[in-house]
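Here is a friendly walk through one protein model, written for someone who likes to have cut-offs stated alongside the values. Please keep the structure open as you read.

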Amino acid sequence: MTTNISGKLLKSVKTVFGKQPAKKKAEKYHFDLYGRYPITLVKGKGSKVWDDERNEYIDALAGIAVNSLGHCHPDIVKIIQKQSAKLMHVSNFYYNEPQSNLAEKLVEVSGLDRVFFCNSGAEALEGAIKLTRRHAYKKGKSGVILTMDNSFHGRTLGTIAMGKDKYQLGYDPIPSGFNRIPFNDVKALEKRMDESVIGVILETIQGEGGIVEVSPEFLIKARSLCDQFDVPLILDEVQCGIARTGKMFAYQHYDIKPDIVAMAKALGSGFPIGAVAATEEISKAFDHGSHGTTFGGNPLACAVALETLKIIEKEDVCEMARVRGNYMKTRLEDLSTNWNAITEVRGKGLMIGVELSFPGAEVVNEMLKRGVLSNCASNNVIRIVPPLIISKEEIDIIVDVLVESIKIVEKNGEV
Ligand code: PLP
């Protein structure tokens, strides 16, 4: 059955999934790590993807907030072709033009002073942890980094040490030097902050934790306490950064500036790249040989990221995220007024969480059958992080499919 969401939306419900050689091979040869949905994606364009049976889907997940310019943006395809034919990789022993140009651009858009490039979100966070520790070391100190309950910073040992217990299970010994406090709890932060703290880290909007924004009071207090104790405020903008919330970085909605920012995901439009930005003073804690990477900052990844930032500015993608996000959020909030299945709608721009009064896994399955890709964060929050170039019509389809799917799950008594 070919599902064509545009036009025939709710009539075409995919219930039979094909043979999928890729699925069969993965089940035999790949580590069995991911709870995967039973489709094999082969093509993408704009906000849409297609599976190997030519079924069409709206991608409301965008590779988890990665494909912000949509799939296969023509200028991104072009730059990959151009740069890969010129120079793909050289060692960081040498300068390369795309890396220096991207560093300059990121300094301009972040308001920070220097940048280090790596390959993923977790690696950016590892860089941020090491920079924070090294900064303390240079001042003759050591101590703990304060982290937040319900946070998610990646899957390396250092990053799981900062977040939820569930990701630490079976990986003892977990690195020490981190202390978790309740997110958005100003009193807990004030109480815990002392000379033993060498930095405070938080996601400006918690993603995996269920799309939970930092409160202005908490962020401002964290900023002033970090100033008072002369330690860095580190923001993880891996998921919420790079235009998703309607500004280049989510912290730009608040009247503060962090000392260190970690970013990745949307920075490369789907091409792997991560980065850490920091103030001049803090960046100086790293000197020759104290940190590094082979692939990080390679000309190909940097050329793609630079093009991504240029497109975001040229096409005013921040404004698109803001306007379309507001439209979607308003539609969802209206629905929640008289419907207790939706308990809360959260988020900024096109980083939206729809909290349900029951677990969301079945709703995600029903959405998939109806041609919309989404996912469930924190058990009962449907995470909607589509490409930022998504159209109003596509947003309407996502909302309609979500509503239909919730109703089906309610009707089937799976709540
Ligand atoms: N930080 C945040 C806020 C994230 O959402 C993620 C991934 O989802 C990471 C860090 C880790 O990024 P990566 O999966 O690229 O290592």
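Isoleucine 234 lies opposite isoleucine 260 of strand E11. The two belong to strands E10 (residues 233-236) and E11 (residues 260-263), which pair in the parallel sense over 3 bridges. Two strands count as paired if DSSP finds at least two bridges between them, and the names come from DSSP runs numbered from the N terminus, with at least four residues for helices (H or I) and at least two for strands (E).

Before going further, note that this is a predicted model, in which local features need pLDDT of at least 70, side-chain atom pairs count only at pLDDT 80 or more, and totals for chains, interfaces and linings use all residues. Residues are numbered from 1 along each chain as its sequence is written, and side-chain values use heavy atoms, with hydrogens and water left out.

E10 and E11 are part of an open sheet of 7 strands with mixed pairing, in the order E4-E12-E11-E10-E7-E5-E6. Strands E4 (114-118) and E6 (178-181) are at the edges with a single partner strand each, so one side of each has no neighbour in the sheet. On average, neighbouring strands here are turned by 20° against each other, direction ignored. Helix H9 (residues 216-229) packs on this sheet and touches strand E5 (144-148), E6, strand E7 (197-203) and E10; the direction of H9 makes about 140° with that of E10. Contact means heavy atoms within 4.5 Å, while axes are lines fitted to C-alpha atoms (for helices over the stretch in contact), with angles from 0 to 180 degrees between N-to-C directions.

How many residues of E5 are buried? The count is 5 of the 5, so E5 is largely enclosed by the rest of the structure. Buried means under 20% relative accessible area, exposed over 50%, and partly exposed in between (1.4 Å probe, protein chains only). Val144, Leu146 and Met148 cover one side of E5, with Ile145 and Thr147 on the other, and all are buried. E5 runs parallel to E6, joined by 4 bridges, and pairs in the parallel sense with E7 over 3 bridges. Leucine 146 stands opposite asparagine 179 in E6 and opposite valine 200 in E7.

A second open sheet has 4 strands in the order E1-E2-E3-E15, again with mixed pairing. Its edges are E1 and strand E15 (372-373), each with a single partner strand, so one side of each is left without a neighbour in the sheet. Strands E2 (residues 48-51) and E3 (residues 56-59) pair in the antiparallel sense over 3 bridges, and tryptophan 50 has glutamate 56 in E3 as its bridge partner. Helix H14 (residues 392-411) packs on this sheet, touching E2, E3 and E15, with a direction at about 100° to that of E3.

## Aromatic pairs

The structure holds 4 aromatic pairs. Rings of Phe, Tyr and Trp (its six-membered ring) pair if their centres lie within 6.5 Å; planes under 30 degrees apart count as stacked, over 60 as edge-to-face and the rest as tilted. Two of the pairs are tabulated here.

| Pair | Centre to centre | Angle between planes | Type |
|---|---|---|---|
| Phenylalanine 93 and tyrosine 94 | 6.5 Å | 80° | edge-to-face |
| Phenylalanine 183 and phenylalanine 218 | 6.0 Å | 70° | edge-to-face |

Phenylalanine 183 is buried at a relative accessible area of 14%, and phenylalanine 218 is buried at 0%. Phenylalanine 93 and tyrosine 94, by contrast, are both exposed.

## A buried threonine

Threonine 204 sits in the loop between E7 and strand E8 (205-206). Is threonine 204 buried or exposed? Its relative accessibility is 0%, so threonine 204 counts as buried. Its side chain makes a polar contact with the side chain of glutamate 237 at 2.7 Å. A polar contact is a pair of N or O atoms within 3.5 Å; within protein, one must be able to donate a hydrogen and the other to accept it, and residues adjacent in sequence count only if both atoms are side-chain atoms.
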